[in-house]
Amino acid sequence: QQELARKTVEADAGAGAIRVTMNGKLEVLSVRIDRSMLATLTGQGSDADLQMVEDLTTAAFNAALVKAQKLIQEEMAKVTGGLNLGEIPGLDKLMG
């Protein structure tokens, strides 16, 4: 678990307009918004601008989550020697 906390993944949306960094414990470490993307907005807080930023942020979070989950699976495979623990009935309930 400590090793997973040290490993990070990064994902973006909107060609890098929104970038999310997450660790292997599924904790969000940072969210970065590209200034050039902000400069293209109307600057008046329009609903369309707000919706775009919200959609991109959601997409970046979801992409980071998928990458972090893959990282966890890879690390678990190392620990278990490649044994597929998902095939053991009921183990998924025990693991969380």
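Strand E1 (residues 8-13) and strand E2 (residues 18-23) pair in the antiparallel sense, with six bridges. Strands here are DSSP runs (E, at least two residues), numbered from the N terminus. Two of them pair if DSSP finds at least two bridges between them. Glu10 stands opposite Thr21 in E2.

E1 and E2 form a hairpin, with four residues between them. Gly14 lies in the turn and has a positive phi of about 65°.

## Model and confidence

This is a predicted model: local features need pLDDT of at least 70, side-chain atom pairs count only at pLDDT 80 or more, and totals for chains, interfaces and linings use all residues. Residues are numbered from 1 along each chain as its sequence is written, and side-chain values use heavy atoms, without hydrogens and water.

The chain averages a pLDDT (the predictor's confidence in each residue, from 0 to 100) of 85. At least 70 is reached by 80% of the residues. Where pLDDT is low, the predicted coordinates should not be read in detail.

## A nonpolar patch

Val28, Val31, Ile33 and Leu38 make a nonpolar surface patch of about 300 Å². Such a patch joins nonpolar side chains within 5 Å, from residues with over 30% relative accessible area and no salt bridge. A salt bridge is a side-chain nitrogen of Lys or Arg within 4 Å of a carboxyl oxygen of Asp or Glu. Areas come from the Shrake-Rupley method with a 1.4 Å probe.

Strand E3 (residues 28-33) gives the most to this patch, three residues. Val28 is found in E3.

Terms used
Patches are made of residues with over 30% relative accessible area and no salt bridge: like charges are joined within 9 Å, nonpolar side chains (Val, Leu, Ile, Met, Phe, Trp, Tyr) within 5 Å.
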